[in-house]
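Please look over the sequence and the model first, and then follow the sections below.

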Amino acid sequence: MKDEDFARNAFRHAMESSFAGEPTGLPSLDDIAARARRGNRTRQGVYAASAVALAGVVTAGVVAGPSALGLGSGSPDSSTAGQAGDTTPAGTGTPPDKAKVATACPTPPQIDWAAIISQQVAGIRVTPVSKGSAPDQNNCYLMPDGSMNIEVLYDTGNPTGLIQIDVNTGGSKNTRGSASASKTPNASKEASLRALKLTLASEQATAKSSDDTAAQKQALKSQLATEKPTGAATNSPANTAVKTPEPTPTCTGAKETQVICTVDVGKGGYVGMSATLTRTTPTPLFVEIVGSTSAPATPGQRAPLTSAQLSAIAQAVAAHF
Amino acid sequence: MNAEDEADFRSFAASRMRDLRRTAYLLCGDWHHADDVTQTVLTKLYTNWNKVQERGRVDSYVRTMLVRATFERRRRFWWRRELGSAQPPETPAEVDNHVEDRLVLLEALGKMPPRQRAVLVLRFWEDLDVAETAATLGCSEGTVKSQTARGLTNLRALLTDSHLMEGRSS
């Protein structure tokens, strides 16, 4: 007998009996259906609870994820490097902090700024002034648009004064150059404010305690407080009432190649002069030289920097780029 | 599940429940466990009735669930298994020799590995062919053939001196 037939007969022979021991009743179909429905409800409840929890986690992740990953968020004031220029609406918000949008130059140009100034202004002795926020000793930054920005500050000494050199070169667009070269009143106002700040910083650095100096500092502070709001609300009647005519810059050169503009930004008790050089070829370049002293020179003191001297310094600086 | 589907399910379950329980009994060797396995399988079937109906393979689907449920029950740790009563309920007196035959068969099946036992039950009790058995167990046809050969050899050896063998000889 084949094994298959043997097994088949064995099963049939054993199971065709009266099935003693087999439970007489069968499981209740009602109980089975009720149990299945109860299981379905439990399962669906668990699914629903899990879905709600998952949705909460996903929502929290979408909202907080980019910030947690350092990618910034929709609010302009929380933007990070490389995004501040995109998230800050032009002309509506405060300019982003330079430290957040610019990076230190990996190889800053080695330029002897003091020698440049000394060569153009006879008898001047300058000492570098450290800027606390500078990423390196040459104050060189790489801007988000690819340009390089250099800011150096020197103390001109007798009389108390400062000279600041700003250089912006390269990049796809030279926004600073175009803004200052437009000869609008805002450009000269910007230079004037910068000169005011320079003078005030110079005063604080030297820490002279004479009554005249204290009075001058107070006058400078009040002027700064008056000047600052005009940039944001020039149309207000109060500002229009105290507004003084802006100095007109004097420019030389061809607009297509290189333009040098000088403007007297002195006010009140200080003397200030600004010179800007805007070059389009071969490399886009913008140089701004601002020199200021706290007071007109007295007999025995060196005369304040002239527009010609600042222009010469600007051209000497441009020769390095 | 709508009323029509529920009626279909009840019709199928009522007609197949007894056979399913007997198959489960042959697979596990205990009526109470067979009862539990059958209820578990039918509960799952109720939940998935619509999907199974669309496939038109209710029998094979249920059979697969039955085998897997039996295997899963055997894999449980001993403390998760349901314990039998210390004093089993009184059973009626045996009235024929088939009961002894069944016990001998179950004893022989109990000495086989679970998968080999399942192959024999499916092939020679459920009368499935090799392909259907392989599909039910989730293995290859070659495995079914080899398990069948070994199972038959073992079964014949175990039942050689039994009443079943004597009955076949006579």
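## Terms and model

A residue is called buried when its relative accessible area is under 20%, exposed when that area is over 50%, and partly exposed in between. The model discussed here is a predicted one.

## The disulfide of A:Cys105 and A:Cys140

A disulfide is a covalent bond between the sulfur atoms of two cysteines. Over all chains, a search of the whole structure finds two disulfides. One of them joins A:Cys105 to A:Cys140, with a distance of 1.9 Å from S to S, and the link of these cysteines is left-handed, with -70° about the S-S bond. Because A:Cys105 lies in the loop between β1 (103–104) and α5 (113–120) of chain A, while A:Cys140 belongs to strand β3 (residues 140–142) of that chain, the pair ties together parts that are 35 residues apart in sequence. Both A:Cys105 and A:Cys140 are buried.

## The disulfide of A:Cys251 and A:Cys261

A disulfide is also formed by A:Cys251 and A:Cys261, whose sulfur atoms are 2.0 Å apart, and this link of A:Cys251 and A:Cys261 is right-handed, with 110° about the S-S bond. A:Cys251 lies in strand β6 (residues 250–254) of chain A and A:Cys261 in strand β7 (residues 258–264) of chain A, so this pair ties together parts that are ten residues apart in sequence.

Are these two cysteines, A:Cys251 and A:Cys261, buried or partly exposed? A:Cys251 has a relative accessible area of 28% and is therefore partly exposed, whereas A:Cys261, at 6% relative accessibility, counts as buried. With bonded cysteines counted along the chain, the disulfides of chain A follow the pattern 1-2, 3-4.

## The surroundings of B:Phe9

In chain B, B:Phe9 lies in helix α1 (residues 3–28), and with a relative accessible area of 1% B:Phe9 is buried. Which residues is B:Phe9 in contact with, leaving aside its neighbours within four places in sequence? From chain A they are A:Leu29 and A:Ile32, and from chain B they are B:Leu42, B:Leu45, B:Tyr46 and B:Trp49. For B:Phe9 and B:Leu42, which are 33 residues apart along the chain, the C-alpha atoms are separated by 9.2 Å.

## A nonpolar surface patch

On chain A, the residues A:Leu54, A:Val58, A:Val62 and A:Val63 make a nonpolar surface patch of about 400 Å². Of these, A:Val58 has its place in helix α2 (residues 29–68) of chain A, and A:Val58 is partly exposed, with a relative accessible area of 46%.

Technical notes:
Residues are numbered from 1 along each chain as its sequence is written. Chains are lettered from A and ligands numbered from 1 in the order in which they are written. This is a predicted model: local features need pLDDT of at least 70, side-chain atom pairs count only at pLDDT 80 or more; totals for chains, interfaces and linings use all residues. Side-chain values use heavy atoms; hydrogens and water are left out. A disulfide is a pair of cysteine sulfur atoms within 2.5 Å. Helices (H or I, at least four residues) and strands (E, at least two) are DSSP runs, numbered from the N terminus. Buried means under 20% relative accessible area, exposed over 50%, partly exposed in between (1.4 Å probe, protein chains only). Contact means heavy atoms within 4.5 Å. Patches are made of residues with over 30% relative accessible area and no salt bridge: like charges are joined within 9 Å, nonpolar side chains (Val, Leu, Ile, Met, Phe, Trp, Tyr) within 5 Å. Accessible areas come from the Shrake-Rupley method with a 1.4 Å probe; for residues, only the protein chains shown count as cover. A salt bridge is a side-chain nitrogen of Lys or Arg within 4 Å of a carboxyl oxygen of Asp or Glu.
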